[in-house]
Amino acid sequence: MYHTTAMINETVNTSRHGRFLPDISLVQDDIRQLRENLANKGDGKTITIEELENALNKTEQGLQQKAEQMLSQLNNQVQTLPSAEAIQPPGFLAIESTWDLKRQTRSQPRVEMSQAYVSRDKIGGPTGGSLLPLRKGDPMQLQGITPGQQSKQNIALKAVYNPYSQHNRTVMNDNFGIQLPLIPQTKEKRPPPKPILGSTIEPLAILPKANRVDAQLAPPPITEDDARKGILSLIERGLIPPAAQLTLDPSPVKNRTVPLHDPDDRNKPPCTPEVAPTLAGVKLDLNNKAYETASETMSKMPVIPPHPQSAMSLGLSRTTSGKSRATSASSSQKAKTPATMKTYEMPLQPLKKVSSDLVLRPPPTTPASGDFKMISHRFAVQNGRIRDTSSEFLSFKQHYCLTWGSIVTILKHLEKMLNNFAVPVAFINGDRLADLAEEFELERPPGIEDLLSCIVNRDDVENVIFKPGRRFKGPNGRDIASAKIQATWKMYRERSTYLEYRRRKWAAGVIAISWIMHIKMAKVRKQLKQVRLDNLENFRRRAKKFSMSWDRIKKSKRVVIHIPSLGLNQSIRDSIHDFGIRQNTQMARLCDIRDPNVDVIFVSPVPLSEETLQYYSKLLGLKSAIDSGNVEDQAEIGERYKIIVPEAIKSFPTHRMCLSTLLKYSPDTLQRIKNLIKGREAYMMTNIPHVDDLDIANFLDVPIFAPEPEVAHLYSTKSGCQRIFASAEVETPPGDHDVYTLGLLHECLAQLVTENLMVKRWLFKLDDEFDGRGIAYCDVTEHLKCFQWALKEEKRYGDKWSKKWAQEPVFTKILSEIEDVLKSHAFPIHTKAYPTWEKFLQTFLGQGGIIEACPPSDSITTLTVDMLIEPNGATSIVCCGDQIHAESPFSCWGVSVPQSSVEPHVLNKACYSIADACKKRGIMGYFAVDFVTFIHPTTMEQKLWALDISLQYSDSLSMFHLMSFVSNGTFNSNTHVFDVPLPKQENKRRRRRLHGQEEEQPPNTNRFGVMSTRLLHTNLSVVHYSVFFQMCRAHGIGYDIKEKQGTVFTLIDSFNREKLGMVTIGDNLQGALASFARNLSVIHQEISAPNMQGDTNFSSAITDIEGILGTTIQNADDVEENDDTKPSSTKT
C-alpha cells in the first residue's frame, strides 16, 4: 500500500510540473526573438523606445505570470504520509532537493537516513532527465518511514510492553483488536494528617542584645544555615553591619575589554562590491550603464543562496515576493532600471563559490531601518532635483526600502521647498529624513523648520532661503511675486478698514460704557444722598426727642456707647502714623462707670491683649476701695462695661479708616451692640463726628451726644471758630480769616502788619488740620526794609494812625516787600507733613486758612477748657488746665489740672459767652476751647485771647475722668479748684488744747493733676507690662488710695507697648509736676542704656515741666511777698 501511494504521488507531481515546461520554453522563445530583433535593427535602423518598452514589458509579464502559477501550484499540492504499519527497511534514504529556476537543474540533495546521516559525496545526483523540480522543502520518499513515524511506533511498542500504561488498552484495541480487562488499582487509605498548631519553622538567629547595646563587641559567627538565607537576610537581622563592605567571590560581574571601532568606519558607504559575511552574501551591482538588455540586467542581480535549515521560510518568502512582483507589474507598464527597481523585484542568482562557513550562518534577511543608524546616509539635491542615480541615494533607498512610501512624500516636500527658493545645492541627512517621515506619516505636512533639520549644510541653505526676495527666484517667481503684491495690498486695505472699524467700535463701546456708568453713578449718588438725608432727618428727630427727655435720662439707668473715632479727612488720616493707636488714647472713657447709673460699651479701634484687659478690669474694680478708702474693698464690676473690637479691623488693616467707618462695615459687632442695649436707654458719644456716625445711630436707633457732622466740621475749622468768637465778643489775636488766594494773603498780611507794628511774628494756620500740624510762621518786621520808616510814620501820626488815609503809604510800601519776605523767611512748624513753605502755601490756598498774630511776649501760657452743652441747653465747665508742650510749642502734649494762670471769673466769662454762641448754632455735646494768656509789654496787663474751638471729646477730658475716678473728687467750676472728700477717721478722744498751742490744721483736700496721653518711648516695647509695673513699684511709683495721691497709667498700645498715658495727682501743683517729671526720668533710666537711648519725648517734656516749675515757684514767692507787705503797710 505504501509503495502504491508513493508512486501515485510521484506521478501526480511529475504531471503537474510537466505542464509548466512548455510555458517556460515559450518565454525563452520570446526572449530569443527579442534578441534577434534587436540584432537585426542594429544595422543603422532606428529603434523606437515604445517598441523596446513593449518588448520588455511583455517579457517581464510573461515571466512573472508563469513563475506565480508554478509557485502557487507547488504551495497548494497535497502530500500523503506513509502508513504507520509500514516497516522501514534497513538503509532507507530520504532525499530532499530544490530546483534552480535559472539553470533548470536540481541542486545538491539532502539525504536523511533512519539511523545515521551520510555525506553529500555518497549521494548521487538526479536519477534521470525526467525528474521534475520540486518545491523547496518537499522531501522525496524512496523507501521506509520517516523518523517521526518511527518515534510514534516506538511509543506504541512501549505502551504494549507496560500493562500499567494509560495507552496500553487503546493501542492493543486499535492495532490488534484485543479488549483488555480493567485492572482495579487499590490504594491504601491513609488517615489525613493532623494539623500542626503553632509555627512550623524555627526562628532565625538575630544579633544578640549585648552586640546591639555595645557596637564595639565582636560580632557572633555566622552558621551555614544562616548563610544560605542570603546577604540581605543577614543584614536585616543585624548579623552583618549595615556599613560593612561586602566582596563576592567569585564576582557576578565579569570584566571584559571593550572593542574600539575605527571612527572612520562611520563615514564609509553601507554597500561595497564585496560585503562582509554578516550580510549573508548579498552583492549589489552598482555599475550604471546608459542602456542594458533585460538579460544583462537580470544576470547581474544579487541572489540569496538556499540554506538547508531555512527551506520552508525561503519558499514562503519567494511566494510573497512573487505576488508582490505581479502586483507591481500590473500597476506599472514602464521598464525598470536598477535605480528604480525594488529589492524584492530583483531575480536570484547563485554565487560562484560559497564556503562552508557561509552556509552555516543564519538565513539572509532585509536589514531593519535601525540596524545601520551609525552609518550616515547622505545624498545631494541639486537645483531642486534629487540625484537619484548616485550611489549614495541608491544605498539610502535600499536601506529604507520597507518605509520608502512615506520617505517619498517627504522627498517631494523637500524638493518643492528647495525648488521654490532656488537653492543651488543641499546635502540631505538620510537618517534624519527617514525619522521625519515616520513622524509626519499620519500627521500634518512638515514645515520649513522640520525640513531644514534634515539638511547637513543648513546654515548655507538658511542664508539662501531667508534672503529677502529669494522666494521669487524659483519657477513661476513672477506669478508668485505678483500674487504676493496683490495679497499684501489686499491685506493692507482690509486691515486698515478693520482697524478703523475696531476703533469706531471701541469708541462706541467706551461711550456706551461711560454713559451707562454715568447713569448708574448718578443713580447711586442720588440714592446715597437720599439715604444720608434720611439719616440726617432721623438724627434730628432723635436729637429733638433726646433733648426733651434728657432730664429723665440722666437720672435713670442708661448705657453710653463710646466710639473714640477721629472723623478727619482722608488726607489727614493717611499722614498720621499709627492712626489706630492715636484713636485709642481715650481708654479712660471707661471711668464713666463712676456714675452708678451708667454702663459703658467701649468700641476699641485696635485689638487689646489679655494683659491689657486684666489691667483695666483691676483698675475699674477699685471703685469700692476708692469710695471706702480701704484697699481690700475691691469688687468685680465686669458686667458694667464691655470692650468690643470691630471685626472689620482685620479686613482693612492698611486703609486707615476712622473707627466709625470700621464699625459701619462690622455687622456682627453692630448686632452685638444692639443686643446689649435692647430695652435700655442708650446714646452714642463720639470724638470727632463723622458722617458714618449717622449710619451707626440709624442702625442702633440711638441718639448721638454730639452736633451734626457737617456743623461740627464747619465750626471746628480755624475760620469757623473765628465767627463764633466774633459772635461771643471775646478778645482774639489780631488777624484775618477765610483767606483763599495769594493776593488776598499778601494784602491781609500787609494790612495787619501796618496796623500792628509791635507784633514781630505772624502765624499762618490751615483751616482743616489736626493737633497744631498746619501752622507756619514768619518774622515779618525783622526782614522789612521799611520797618523803621513805618515806625516813624506811626509816631508822626500819633492818635490818627488808626485812620486808613494815614496808613496808606506804609501799607503800599509793606505790600511791595511782603512777597519776598514770605518766600525767604516763612517756615512750617511740622516739617514732616509740610517740608517747605511752597508745599504749605499750596495747601493753604487750596483749603483756606487764617492769619494770626503771635502774642508779643516771651512768657506765654496756653489754656484748655473743656465744656459741655447738654441736650436741654444747660452749659457747664467740666475741667480746665494749663497745657504742657513737649514736641512743639503749638501742640498740646499734656495738661495740668486745674489751671492756675488766669483768674477764674475772667476765664468763666469768656467760656460761657462762647458756649452761648455755640448753642445758637445748634452745637451740643462736649467741646474744648483753647486760650492764650500773657502780659502785654506796653500796658503790662494780662491778656486772654481765644485761639481755637474743637468740637470733640478731648484727650484731656478723658484723663480728667480717670483722675476723678481714682480720687473720687469733684471740680468746682466757679473757683477752679479740684477737691477730694475727707478721709474717714476713727473716733478719737479730743484732747484739750493747751495755752499757746496752735490749733490743729484740717487736712488738705485740694488736688492737682498732671496728665498726658502722649508718652512715647521705643524702649518700652522690650518690657512687658508686668515687668514694667514691678519696676514702678520698686521705685515707689504707684497710687495711694487712702491719701488720693500717686500715679496711674493708661495702657494704649497693647502689642508694641511704645505709647502709654499717665496721670500724677498731688496736693499742690509743684508736687504733682515734680512727681510727673521724676516718673519720666526713672522710667527712662530703667529701660534705656548708654548705647540704646531709643526714640522718646520724655526729655523735652521734662524740660518744659521744669520751666513751668520755675514759673510756679516764682509766682508763689511773689504771692508770699505780697502777703507780707500787706500787714506791714496796714500797721504803718
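**Exercise 1. Work out whether Leu246 counts as buried, partly exposed or exposed.**

Solution. Leu246 has 45% relative accessibility. Buried would need under 20% and exposed over 50%, so Leu246 counts as partly exposed. Keep in mind that you're looking at a predicted model. Next, find the residue on the chain: Leu246 sits in the loop between α8 (231–236) and α9 (294–299). Together with Ile231 and Leu248, Leu246 forms a nonpolar patch on the surface, and the three share about 250 Å² of accessible area.

**Exercise 2. Explain why helix α28 (residues 718–728) is described as largely enclosed by the rest of the structure.**

Solution. Start by counting: 8 of the 11 residues of α28 are buried, so the helix is largely enclosed. Then put names to them. Among the buried residues of α28 are Cys721, Ile724 and Phe725, and these also turn up as contacts of Ile949. Lys718 and Gln722 are on the buried list too.

**Exercise 3. Describe the aromatic pair formed by Phe546 and Phe705, then say where its two partners lie.**

Solution. A pair of aromatic rings is described by the distance of the centres and the angle of the planes. The structure holds 32 aromatic pairs. For Phe546 and Phe705, the centres are 6.1 Å apart and the planes make an angle of 80°, an edge-to-face pair. As for location, Phe546 is in helix α17 (residues 477–548), while Phe705 is in the loop between α26 (692–700) and α27 (709–716). The pair links distant parts of the chain, 159 residues apart. Both partners are buried: Phe546 has a relative accessible area of 3%, and Phe705 has 4%. They also belong to a cluster linked by ring pairs, along with Trp550, Tyr683, Tyr926 and Tyr953.

**Exercise 4. Look at the salt bridges of Arg504 with Glu500 and of Glu870 with Lys554, and find out how far apart in sequence the partners are.**

Solution. Side chains of opposite charge can pair when their charged atoms come close. Arg504 and Glu500 meet at 3.0 Å, N to O. Both lie in helix α17, 4 residues apart, about one turn of the helix. Arg504 is exposed at 56% relative accessible area, whereas Glu500 is partly exposed at 29%.

Glu870 and Lys554 meet at 3.5 Å, N to O. Glu870 lies in the loop between β18 (860–869) and β19 (875–884) and Lys554 in the loop between α18 (550–553) and β9 (558–566), so this pair ties together parts 316 residues apart in sequence. Glu870 is buried, with a relative accessible area of 15%, while Lys554 is partly exposed at 31%.

Notes:
Residues numbered from 1 in each chain as written. Predicted model: local features only at pLDDT ≥ 70, side-chain atom pairs only at ≥ 80, totals over all residues. Heavy atoms only, no water. Patch = residues over 30% accessible without salt bridge, like charges linked within 9 Å, V, L, I, M, F, W, Y side chains within 5 Å. Areas by Shrake-Rupley, 256 points an atom, 1.4 Å probe, with all protein chains shown as cover. Salt bridge = Lys/Arg side-chain N within 4 Å of Asp/Glu carboxyl O. Helix = DSSP H or I, 4+ residues; strand = E, 2+ residues; numbered from the N terminus. Buried < 20%, exposed > 50% of the residue type's maximum accessible area, 1.4 Å probe, protein only. Contact = heavy atoms within 4.5 Å. Phe/Tyr/Trp six-rings, centres within 6.5 Å; stacked < 30°, edge-to-face > 60°. Lists of a residue's contacts leave out its neighbours within four places in sequence.
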